[in-house]
Amino acid sequence: QVQVVEFGGGLVQAGGSLRLSCAASGSIFFVGSLGWYRQAPGKQRELVAVIISDGSTIYSDSVKGRFTVTTDNSKKTAYLQMNSLNPEDTAVYYCNAKTNSGPWDTLHDYWGQGTQVTVSS
């Protein structure tokens, strides 16, 4: 099994910054991608940023230029640096890991429990 844990949420004023961390552990052979998604009250979960195994990144238009996703050398930990936060960024942020347990295995989705980010105006 694979465990995904997020850290770093909290309350910040508009214009401020936060850094989220996501650690994937367990039976992991290969990490296809680590991604951040968010869900605001009454809204669907949406993609925020993803970093692929080759290092390429994908960002939603709403966060481009403000958020940066990176990984560490192990590629099992991802970070989301969030700058210039605004109240519209308020949501529960979830980490997604696409991993497999061996070269014979397909990639599977694993989700963290989520971390609350609240931006006050």
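First, some housekeeping. This is a predicted model, where local features need pLDDT of at least 70 and side-chain atom pairs count only at pLDDT 80 or more, while totals for chains, interfaces and linings use all residues. Residues are numbered from 1 along each chain as its sequence is written, and side-chain values use heavy atoms, with hydrogens and water left out.

**Stop 1: the core.** Select Val4, Trp36, Val48, Phe67, Leu80, Met82 and Tyr93. Of the 30 residues in the largest nonpolar core, these touch the most other members. (A nonpolar core is a set of buried Ala, Val, Leu, Ile, Met, Phe, Trp, Tyr and Cys residues joined through side-chain atoms within 4.5 Å.) Now colour by strand: among the elements giving two or more residues to this core are β1 (2–7), β4 (30–39), β5 (46–52) and β9 (91–100). Strands (E, at least two residues) are DSSP runs, numbered from the N terminus. As background, nonpolar side chains in soluble globular proteins tend to be buried together.

Zoom in on Val4. Skipping neighbours within four places in sequence, its contacts (heavy atoms within 4.5 Å) include Cys22, Cys95, Tyr110 and Trp111.

Stop 2: Pick Ser21, in strand β3 (residues 18–26). Ser21 counts as buried because its relative accessible area is 18%, and the cut-offs are under 20% for buried, over 50% for exposed and partly exposed in between (1.4 Å probe, protein chains only). Beyond four places in sequence, Ser21 touches Val5, Glu6, Phe7, Trp36, Ala78 and Tyr79.

Next, Thr77 in strand β8 (residues 77–82). At 15% relative accessibility, Thr77 is buried too.

**Stop 3: out in the open.** Go to the loop between β3 and β4, where you'll find Phe29. Is Phe29 buried or exposed? Exposed, because its relative accessibility is 53%.

**Stop 4: the ring pair.** Which two residues form the aromatic pair? Select Tyr37 and Trp111: the rings sit edge-to-face, 5.1 Å centre to centre with 65 degrees between the planes. (Rings of Phe, Tyr and Trp, its six-membered ring, pair if their centres lie within 6.5 Å; planes under 30 degrees apart are stacked, over 60 edge-to-face and the rest tilted.) A search of the whole structure finds one such pair. Tyr37 is in strand β4 and Trp111 in strand β10 (residues 108–111), 74 residues apart. Tyr37 is buried at 19%, whereas Trp111 is partly exposed at 38%.

Technical notes: Helices (H or I, at least four residues) and strands (E, at least two) are DSSP runs, numbered from the N terminus.
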